[in-house]
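I opened this notebook to record what I looked up, entry by entry.

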Amino acid sequence: MKRTISIPTILLLIGIFLVSVLIRIPNLNRPLSKHHEFVSAVSLRVMSIWEKDGAWKYRFNPVMSYPNEADKYINNWASTTGEMLDKEGNYYYVSHPPFAYILPYAFFQLLHLKVNVLNLQIFHLLVNFICALFIYLIVCLLGEQKPFARIYWSGIVGYLVYLFSAGVLWFQSNTYMSDMLVHLFFVLSVYTMLKLLMRKKFFSPKYLVLYAIFLFLMIYTSWLGLFFAFSVFLYSFIKLRKEKVFIPLNLITLLVSVAALALFIYQYSLIAGFDVLKNQLLNRLGERGSLSENTSLLQQLKHLAYLIYLMLKGYITSYFPLFLLLVGFVYLTITRAKLRIVFTKNGYRFLWLSTLPVILLHFFLLNYSGHDFVSLYGSLFLSVLIAILYDKLKKAQTLSNYQLNGGITAIVLLSILSYFYINKPGAYSFKNDYYAQSMDLGEQVKTEAKKDQVVFILGKLSVDPQLIYYAERNIVKITNIEEALDFLEQRKWKSGIVFHYDQASANSFAKIENITWNE
């Protein structure tokens, strides 16, 4: 049987994506600065060190210490316990498994591209396109439509609202980290599971292998993968009582989860041993979990309320226009179309796969969920749900196509305006923060500091990951010169350079001072 491919559908999908890229251009390749761009700086730092020394030297572990001897034993945004370092004094960032660094690094190596801000953003835009495409495919699958036989407008609506939501426009271009890449494998895994369940391909090598690969990569990227694995396992376990065909799926879920966890634990244990890794991961879990230590019940409740507020704020900031559209669609469906909001069997499957892992992540890692980039995980469910409701309203002919499509267009435009309001293009933010400050200061450090000098910064300046990335040096923050001399003495290191920062000098250092320690 021949598969018909609609060229207009392909061109429309590509065209819409290119418009989303065009909208982002004013914010692409600008200096790393605000709105969680520090995570991109961390990723770029790891990959730029691999680029200099080779990733194999560090066993593909996320190293955070630059190759110069003067940069060793300086813990900049790496280990919260201060113990995650190897025998050579290199610190490592192990809050997530390493695949989010390995994949773009391999992409750059394969295409002979430099590790830099723009190339990472281009890579991330490709990830964005794949996510959006599979959201279109999920809507087509649930609507029992062939995706490329003709234009399926409900699928296009899901594709549109996903691509142009303020959160996706920013978090799938300007910020890159494990937290963002895992979303790709989340979307791919939901699609594969739906295909497997809807077509009853429980013993199909094709679907089982694809599911195993996507699940492995999801767990090997970030923690959402474990919650997804648990959700699939629980679903299969419930179904197992009546349908023994779920046995292979359960076994694969269990085996793949154990294999991915074992690999990353073994890999990170090579740095400083299993005990050090265990302490580091437990420390991070304590910071990112939902409960605070040594507090009364009242304080605990206040803490939880604040974390929930931060999480909801992240969702509203990223998807406020989509929530408006969703409320409007639900109202019209119930009141005007006289339809009930009822999910089909496949709809419930999608609901389970797309929401339960995210709910579990929020429940157990509420502190972590306060970062608004975590709201990216909710975009799959929101986009597909809006597309389904659009399809219901269109079939019920509650509104004319002009009214329905006009509403979608208005929401897309509002989302774009939200994106620009939050992420103002140009040299300064709405708060008048200078975007290039970390780059300007970092490049000054890079120019002035010699490779055999330990770098110190004195003054009221945050030594953020962006500054460190642009400086290509590890930096010690001090409050006086004596601290710098004490550090040199401790390291038995002769030479250092102190960059004095004064807020009056703003985007350059007020004074640069060479210091030496003599035995």
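**Surface patch**

I began with the nonpolar patch, to which α12 gives the most, with five residues. The model I was reading is a predicted one. I listed the members of this surface patch as Ile 308, Leu 312, Ile 316, Phe 320, Leu 324, Leu 414 and Leu 417. Together they have about 620 Å² of accessible area. I then looked up which elements give two or more residues to the patch, and found α12 and α16.

I picked Leu 312, which sits in helix α12. Is Leu 312 exposed or only partly exposed? Its relative accessibility is 45%, so I noted Leu 312 as partly exposed. The band for that label runs between 20% and 50%.

I next turned to cavities. How many cavities of 30 Å³ or more does a search of the whole structure find? I noted one. The largest cavity holds about 50 Å³ of space.

I went through the lining of the largest cavity and wrote down His 35, Ala 166, Gly 167, Trp 170, Phe 171, Thr 317, Ser 318, Asp 372, Tyr 419, Ile 422 and Asn 423. By kind, I sorted the lining into five nonpolar residues, five polar and one charged.

Which element gives the most to this lining? I found α6, with four residues. At least two lining residues come from each of α6 (166-171), α12 (297-336) and α16 (401-422).

**Last entry**

I put the two searches side by side: α12 and α16 supply residues to the nonpolar patch, and α12 and α16 are also among the elements lining the largest cavity.

Notes
Residues numbered from 1 in each chain as written. Predicted model: local features only at pLDDT ≥ 70, side-chain atom pairs only at ≥ 80, totals over all residues. Heavy atoms only, no water. 1 Å grid on protein atoms, 1.4 Å probe; cavity = no way out; pocket = protein on both sides within 12 Å on 5 of 7 lines; lining within 4 Å. Points joined across faces, edges and corners; volume = space filled by probe spheres on them. Nonpolar A, V, L, I, M, F, W, Y, C, P; charged D, E, K, R; others polar. Patch = residues over 30% accessible without salt bridge, like charges linked within 9 Å, V, L, I, M, F, W, Y side chains within 5 Å. Areas by Shrake-Rupley, 256 points an atom, 1.4 Å probe, with all protein chains shown as cover. Salt bridge = Lys/Arg side-chain N within 4 Å of Asp/Glu carboxyl O. Buried < 20%, exposed > 50% of the residue type's maximum accessible area, 1.4 Å probe, protein only.
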